[in-house]
Amino acid sequence: MDKPSIAVHKFSSCDGCQLAFLNAGEDLLKLAGLVDIRHFLEAGVADEYARVDIAFVEGSVSTTDELTRIQRVRGCSRYLVTLGACATAGGLQALRNLDGSNTAWKHAVYAQPGFIHTLDQAEPVSAHVKVDFELWGCPVNGRQVLAAVQQLLFGVAPLEQRDKVCMECKRQHATCVMVTEGRPCLGPVTRTGCGALCPRFGRDCYACFGPAENPNTAALSRRLEGLGLAPADVARRFLFINSHAPAFNEAGRQHYRQGFSDD
Amino acid sequence: MDDNGFLPRQALQTLLDVLRRQGYRTIGPVVQDSVVQYRDIDATDQLPSGWTDDQAPGRYRLTHVDSPRCFAWATGAQALKPHLFHAREVLWSARRDDTGRLAFSEQEPDVRRLAVIGARACDLAALNLQDRHFLHTINDPYYAAKRQGLFVVAVHCAYPADTCFCASTGDGPRAKQGFDLALSELDDGFIVEIGSERGRAIAAQLPLLATTGEQVREATDAITEAANRQFRQLPSTHLRDTLFSRLQHPRWDDVAARCLACGNCTSVCPTCFCHAEHDDVELGGTASRHLREWDSCFSEGHGHLHGFNVRPNTHHRYRQWMTHKLGSWHDQYGRSGCVGCGRCITWCPVGIDITEEANAICAGDLPQEGSP
Amino acid sequence: MNHYLPREAQIVARTEESPNTFSLHLQLTDAAPYSFAPGQFNMLYLYGSGEVPISIVSGSAEDGVLVHTIRALGRITKGLSALRVGDRIGLRGPYGRGWPMRAAEEHDLIIVTGGLGCAPAVSIIHHVLMHRERYGHLSILQGVKHTDDLIWREQYDAWAGLPDVEVLLAADVAEPGWRGHVGLVTALFDQLSLRAGQTVAMLCGPELMMRAAAQDLHERGLAADAIHLSMERNMQCAVGHCGHCQFGGHFVCRDGPVFAWPQVRELLGVRGF
Ligand SMILES: Cc1cc2nc3c(=O)[nH]c(=O)nc-3n(C[C@H](O)[C@H](O)[C@H](O)COP(=O)(O)OP(=O)(O)OC[C@H]3O[C@@H](n4cnc5c(N)ncnc54)[C@H](O)[C@@H]3O)c2cc1C
Ligand code: SF4
Ligand code: SF4
Ligand code: SF4
Ligand code: SF4
Ligand code: FES
C-alpha cells in the first residue's frame, strides 16, 4: 500500500506552528518514514497543489490571494486539519477585525497601500472551506499534532480535547495562581492541550488554545473585575490571540465597549 | 509500652530516620509554590515550621509567624489522593506486530512503601472512602499496591482554616481511624499515639518519654477548640432525600450562572474518584499505552453519549456534583462523600462554597411540586 | 486479577446489518474460559484508539464465537467498522448484570424496544429461542422513528413465524405499504392479551420511551418489579471505578445495565442524571 501523503501549507501566520513539526526531532524523522511529505516549504519540499491525504494549514485567510489558495488546497486534500490559533480562529491578525479599521491602517502604514491586498477581515480557515479537524494553540503542541496524525493514519478521528485548562492544571499538580496570587488566569474558560504550561511556571493562562466547551466567560469576567481588572483589561484578556473565536469575541466586546468607548 | 508517649521536638528527625531505614519513602508537608504540599522529605528542617494558612472561598495565602510548630496549618493543596490514585497513570500497554497480532501487558503496580507525615483527620476519612471505592467492590490493583505500602503518621488538627467544616461532617479535627501513628503538636514536641501494630513497631524505635497529664490536656483542649472555631456547616437534614426532592430548586440555576464548570473542586476533593481512559500511541503505531487520568462530572466527556449529552450544561453538572457528593454517596457507601476538608471552597477560582449552596437548597419547606 | 486488561480476539466473520450497522463475530485467541449471560456487555478495544461498551447478542458462548452488533457512529465505532475478517481487537468482559432470565422462566415475556435495533434485547430473544420450553408466550414490540431504521428485518420476520411468538412493529414515520402501526410503540400494548400476574417485561431504548412503557405496563397490572430495563451511560472502566456511568447512586456498568424498574424509577428520564 502507498504511504499516506501529507502537505503543510502556510497562510497568514508566523510559522511558529510549522516549527512544532520541525521541532519534533526524532519523531519528525519517524513521521517522514510513515508518510510521504509532498509539500512543506519550511522543510524544503514544494508541490503546492499535489493531491494529498492530509493537508495541514497554518495561518488565517487574510488576503485576496489566500481566498483562492484555500479553495485549491481544500480541493486537493482528503482531510484538512487546521494548525494553530491563526488557522483555527483567525489568530492575532483578527484583532484588526474588531474595529473595522483595516483600510485606515493600510493607508497610515504603507506608502503605496494599493499593493496591499488584505481582506477587511482576517478569518479562520473554516469561514471559507470545510475543516475536518482543528488543532488549537499559539503555537500548537507538537505532541498533540503527532497524536492527531497517528489517529488519522489509523483511519480514526483524532481525539478532541475540549476540557478546561484547569483540569490539566490540577493533574499536573500546578498551584492555582488565581487562588494563591490573585492572578487573572483564563484557564477556566480555555481549552486544554498545552499541558497547563503557564500555570506550571507560575503564570496566568492567556488563553492561547481558545475557548473550551461550555465556557462561562461572564462568571470569569466578574471574577477578573473582582481581582481589580478594569473593563478594558478584562477585554484585553479575551481579545488577544483568539479574539475572533465567538465565545471570546462576545465576552471581550462587552468589556471592550465599556472600557474603550470613552477613550 | 503505653499507647502514647512524648517525642521531644528535636527527636522528630528520628521518626523520619526510622521510617527510611525500614524502606519507606517519606513524604511530608513542605511549602512549595506558595502552598503546603506533600513532597519527599528526609529532614525535619524541610517541614513548614512557622507557616500558617489563611483560607477563604477562592483564596489561599500562607503567612509566617515566629513559632517552632510545623503543623500549624489546616490543609494543603491536596490530601493523600494523588499518592494512591494518581492524576495520570498507565494501566496497560498493547503491542501490535507486523501480522496484526496484539499482545497486552499489565503495568507493574507500584509496590514501593510510602510513609506520609502530617495527614489530617479529614484526609484519613477520605482515604477510607477511596479504599471502599477502589478496593471493596472490585479490586483495583494499582490503587491496592500503593495502599498496601502506605504508612500514615497523622497529626490531630489544631489549626482549622475558615473553610474547614470537618466537625460538622463528624470526620475531625481528631484523627480517629486509619493511622499507624498520630501526633499532637505542642511547642516542645509531640504526643505520639499508636494506631496499629506497624505503628507500634516504629514507635518502639523512638526515644519516647512518658507524657504528662498537662501535655495531654493541652493537646485535647487544642482539638476541642479547633472544632469550636469552625463556623461552616452542612444542613443537618437527611441530605440525600432532601437534595433529590429539590432537583427543580431555582438555586441550581443561580449557582450555574456563577460556576465555571472548571473541575477544580472535584480535582481537589479527596473523595472524588472519576477518571477517563485514553490511549497514548507511539508514532508508527506499534505500541500503545492505555492510561487513566482524573476526570470530573463538570467536564463534557463525563456525560457524553454519542449524539446526546446527559449533562449538557453547568446546571446539570453542578447538580450532579452536589447530589452525588452529599446525596447518592449515601446509596453507594452508606455516608456522605464529603469529609469537610473545605478544599473545594478554597480552590474554586470563583469561591463557590458547597456549604452555602447546600444550605440554600435545603433551607425552608419543600417546594410545592418536588418531583420533575 | 486485573480487570482492566483486555484479551486478544479475532474477527472470524462479519455481517452487514444495515448501511451503518455491522456485526463482528469474535473469537478469543487464548484458551481461558469465557461465559456470559444475556444482557451483559464487553469492552471492545480498537488498537491504539480506545474502548467502547458493546452488548453481546449471541445466545451463548458455547461455540466460542461472540457476536457484537455495532452501529458506526463516532470515533471508535467507525474505526471498528473498518475492520475485516482476520483482524484483531482487544476484548474484556463480560460485565454487568444481564436480564433476569432465570426469574422469568415459566412466564410470558414482553420485549419492548425503541430507537435503533436494540442489541441488548436481541440476546433475550436468542436465549428464549434456545430454551423455548422454559418460557411462555413471547411478544416482541419494536418501535422506530422511521421504517428505514428497522434492522434485522428478516430475523424479525422469521421470529414472527414461530409458534407462540408475536412481533408487533410501530414507526413514527412509515414507508408506503407499511403494515405495522404508525405512532408510539406503547400504543401496541392494546393489541396484547396480557396475563398480568404471569408476565415479565424487558425494555430497552430511549429513557423517555422506557419510562412511559413501564408506567403503562404497570397500569395494565404488571408488578413494578416484573418490569426490567437496560440503561446506557458513558463507560470508561466497566468495573465501577471511573464514575462515568453513575445514574444517581447506581453504577450502570456494575449494578446494571439491566435494572428492575423500581431501582431506577426515581431518576428515569430526569434530565441531568
Ligand atoms: C452497556 C452498553 C451496551 C451497548 N451496546 C451496544 C451495542 O450492542 N451496539 C452498539 O452499536 N452500541 C452499543 N452501545 C453504545 C456504544 O457503546 C456507543 O455507541 C459507543 O461507545 C460510541 O463510541 P464512539 O467512539 O464511536 O462514539 P463517540 O461519540 O466518538 O464517543 C466517544 C467516547 O464516548 C463514549 N461513549 C460514547 N457514546 C456512548 C454510549 N452510548 N454509551 C457508552 N459510552 C459511550 C465511549 O467511550 C466513546 O469512545 C452500548 C452502550 C452501553 C453503555
Ligand atoms: S492556575 Fe489557572 S488554569 Fe490553573 S487551576 Fe487556577 S485558574 Fe485554572
Ligand atoms: S466536597 Fe469539598 S469539603 Fe467536602 S471533602 Fe470534597 S473538597 Fe472537601
Ligand atoms: S461524579 Fe462528580 S462528584 Fe461524583 S466522584 Fe465523580 S467527579 Fe466527584
Ligand atoms: S464550583 Fe468552582 S471549582 Fe467547581 S466547577 Fe464550579 S467554578 Fe469550578
Ligand atoms: S463504567 Fe466506570 S464506573 Fe461504570
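The shell around ligand 5 is made up of eleven nonpolar residues, two polar residues and no charged ones, where Ala, Val, Leu, Ile, Met, Phe, Trp, Tyr, Cys and Pro count as nonpolar, Asp, Glu, Lys and Arg as charged, and the others, Gly among them, as polar. This is a predicted model, in which local features need pLDDT of at least 70 and side-chain atom pairs count only at pLDDT 80 or more, while totals for chains, interfaces and linings use all residues. Residues are numbered from 1 along each chain as its sequence is written, chains are lettered from A and ligands numbered from 1 in the order in which they are written, and side-chain values use heavy atoms, with hydrogens and water left out. Of the 13 residues around ligand 5, those that come nearest are C259(B), L260(B), C262(B), C265(B) and C348(B); a residue is near a molecule or strand if one of its heavy atoms lies within 4 Å of it.

Ligand 4 comes next. Its surroundings comprise T266(B), C272(B), F273(B), C274(B), S296(B), C297(B), Q320(B), W321(B), H324(B), W329(B) and Q246(C). Because these residues come from chains B and C, the site of ligand 4 is shared between chains. With four residues, helix α11 (residues 314-333) of chain B gives the most to this shell; helices (H or I, at least four residues) and strands (E, at least two) are DSSP runs, numbered from the N terminus. By class, the shell around ligand 4 has six nonpolar, five polar and no charged residues.

Ligand 1 also has a site shared between chains, since residues from chains B and C surround it. A polar backbone atom of P53(C) is 2.7 Å from an oxygen atom of ligand 1, and a backbone N or O atom of R71(C) lies 2.8 Å from an oxygen atom of the ligand. For M235(C), a backbone N or O atom lies 3.5 Å from a nitrogen atom of ligand 1. Taken alone, ligand 1 exposes 820 Å², and the protein buries 88% of that, with accessible areas from the Shrake-Rupley method with a 1.4 Å probe; for residues, only the protein chains shown count as cover.

Attention now turns to contacts within the protein. Over all chains, the count comes to 58 salt bridges, a salt bridge being a side-chain nitrogen of Lys or Arg within 4 Å of a carboxyl oxygen of Asp or Glu. One of them brings together R143(A) and D280(B), at 3.5 Å from N to O. R143(A) lies in helix α6 (residues 142-154) of chain A and D280(B) in strand β12 (residues 275-281) of chain B, so this pair joins two chains. R143(A) is exposed, with a relative accessible area of 61%, whereas D280(B) is partly exposed at 21%; buried means under 20% relative accessible area, exposed over 50%, and partly exposed in between (1.4 Å probe, protein chains only).

Within chain C, R92(C) forms a salt bridge with E51(C), the closest N and O atoms being 2.8 Å apart. The pair ties together parts that are 41 residues apart in sequence, because R92(C) lies in strand β6 (residues 88-95) and E51(C) in strand β4 of chain C. Both R92(C) and E51(C) are buried. In chain B, the side chains of R59(B) and D54(B) meet in a salt bridge at 4.0 Å, N to O. R59(B) is partly exposed, at 35% relative accessible area, and D54(B) is partly exposed at 35%. A network of salt bridges links R251(B), D254(B), R258(B), E356(B) and E357(B).

Chains B and C also meet through Q236(C), whose side chain reaches the backbone nitrogen of E277(B) at 2.9 Å. Q236(C) is found in the loop between β12 (227-230) and β13 (246-247) of chain C and is buried, with a relative accessible area of 16%.

Terms used:
A polar contact is a pair of N or O atoms within 3.5 Å; within protein, one must be able to donate a hydrogen and the other to accept it, and residues adjacent in sequence count only if both atoms are side-chain atoms.
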